[in-house]
Amino acid sequence: MADQSHFIGERAARQLSNTTKTPPQWRGASPRWLPQLLPWVPVEAGVYRVNQALDEQFGLRCTPNPAEALPIGLSDYEVQPREYVLSSVTTTVQVHTRISDLFRSPMDQVKEQLTLAVDKLKEKQEEELINNKNYGLLHNADPDQRIATRTGGGPTPDDLDELIAKVWKEPSFFLAHPRAIAAFGRECTRRGVPPPTTSLFGAPFLTWRGLPLVPCDKLRVEENRTNILLLRTGERKRGVVGLFQPGLPGEVSPSLSVRLMGINDQGASQYLLTLYCSTAVLVHDALGVLENVAVDRYHEYT
């Protein structure tokens, strides 16, 4: 009698099996260290005023005679202090109700779309914190706080030391493109002084003079050139702070709101996502910039 055995193939078997799926993976997401490292200050009514004392010297002197009163000194304030108005980053998400109703298992379609939109919104926030022409760090560094590399090439230990000399009052961290950090590491290795590492948020960072070099891809590289920042942070230290608006309607995280705008005539649910933010440099020497740094080997050694 002939063998009547039948074997199920892999293709047929997969028709009866469940596939384990991941949430949507967006390759543009980054760690976004800068927003995590900045101290964030709540702002009332969306405006933050930085009052600064004028630098005139007034009569202070020491005297050994207790009977002789010290001169009274008054420090005047800047007449028109700068006011930072929170800027908004917005986007909208639209999901047809038929999609969200029928294809809601095993993952909520609306939730996944909103998660992706929030991720992209926060990437844009970090971009604006650095490059916004009004409040971005690169555009708010004082001219006296900008220096060039000594060699005209890649960043060297001497260059970072010069930057520390500009921001010497309790500096917090360097901020640089990953390629700039790699170029600095190569230069240190070439000189026989490999930089030590430290751990922040469970991740390793190169350091120089005890200050972490924090990678950020929002510092743009143009024609193999970029900039490196050094920041002092916090209100108490008269440094750089981030600004946010607390208590927004529909708030899902500080200064980020998600609001349902309704369902349109085509049956699509529409959501408005808004993130309010800004930065403020409280004193000019809280921020320094090493400009025009080369990030490839050719520029480093020519």
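The model is predicted, so local features need pLDDT of at least 70 and side-chain atom pairs count only at pLDDT 80 or more, while totals for chains, interfaces and linings use all residues. Residues are numbered from 1 along each chain as its sequence is written, and side-chain values use heavy atoms, with hydrogens and water left out. Helices (H or I, at least four residues) and strands (E, at least two) are DSSP runs, numbered from the N terminus.

**Salt bridges**

- Searching the whole structure turns up 17 salt bridges, each being a side-chain nitrogen of Lys or Arg within 4 Å of a carboxyl oxygen of Asp or Glu.
- Glu123 pairs up with Lys218, and their closest N and O atoms are 2.6 Å apart. Glu123 sits in helix H4 (residues 109–131) and Lys218 in the loop between strand E9 (211–215) and strand E10 (225–231), so this pair ties together parts 95 residues apart in sequence.
- Both partners are tucked away: Glu123 is buried at 7% relative accessibility, and Lys218 is buried at 6%. Here buried means under 20% relative accessible area, exposed means over 50%, and partly exposed is in between (1.4 Å probe, protein chains only).
- Lys218 also forms a salt bridge with Asp217, with closest N and O atoms 2.8 Å apart; Asp217 is partly exposed, at a relative accessible area of 41%.
- Elsewhere, Arg146 forms a salt bridge with Glu291, the closest N and O atoms being 2.9 Å apart. That pair links distant parts of the chain, with Arg146 in strand E5 (residues 146–148) and Glu291 in strand E15 (residues 287–294), 145 residues apart.
- Arg146 counts as partly exposed at 26% relative accessibility, and Glu291 counts as partly exposed at 30%.

**The sheet**

- Seven strands make an open, mixed sheet in the order E5-E15-E10-E6-E9-E8-E7; two strands pair if DSSP finds at least two bridges between them.
- E5 and strand E7 (197–200) are at the edges with a single partner strand each, so one side of each has no neighbour in the sheet.
- On average, neighbouring strands of this sheet are turned by 30° against each other, direction ignored. Axes are lines fitted to C-alpha atoms, for helices over the stretch in contact, and angles run from 0 to 180 degrees between N-to-C directions.
- E5 and E15 run parallel and are joined by three bridges, and Ile147 stands opposite Leu290 in E15.
- Helix H6 (residues 178–191) packs on the sheet, touching strand E6 (173–176), strand E8 (203–208), E9, E10 and E15, and its direction makes about 135° with that of E9. Contact means heavy atoms within 4.5 Å.

**Helix H5**

- In helix H5 (residues 157–166), the buried residues are Pro157, Asp159, Leu160, Leu163 and Ile164. They cover an arc of only 160° around the axis, which puts them on the same side of H5; the arc is that of the directions from the helix axis to the C-beta atoms.

**Gln245**

- Gln245 is in the loop between strand E11 (240–244) and strand E12 (251–253), and it is buried with a relative accessible area of 17%.
- The Gln245 side chain reaches the backbone nitrogen of Gly46 at 2.9 Å.
- Leaving aside neighbours within four places in sequence, Gln245 has contacts that include Val43, Glu44, Leu86 and Ser255.

Methods: Polar contact = N/O pair within 3.5 Å; in protein donor to acceptor, adjacent residues only side chain to side chain.
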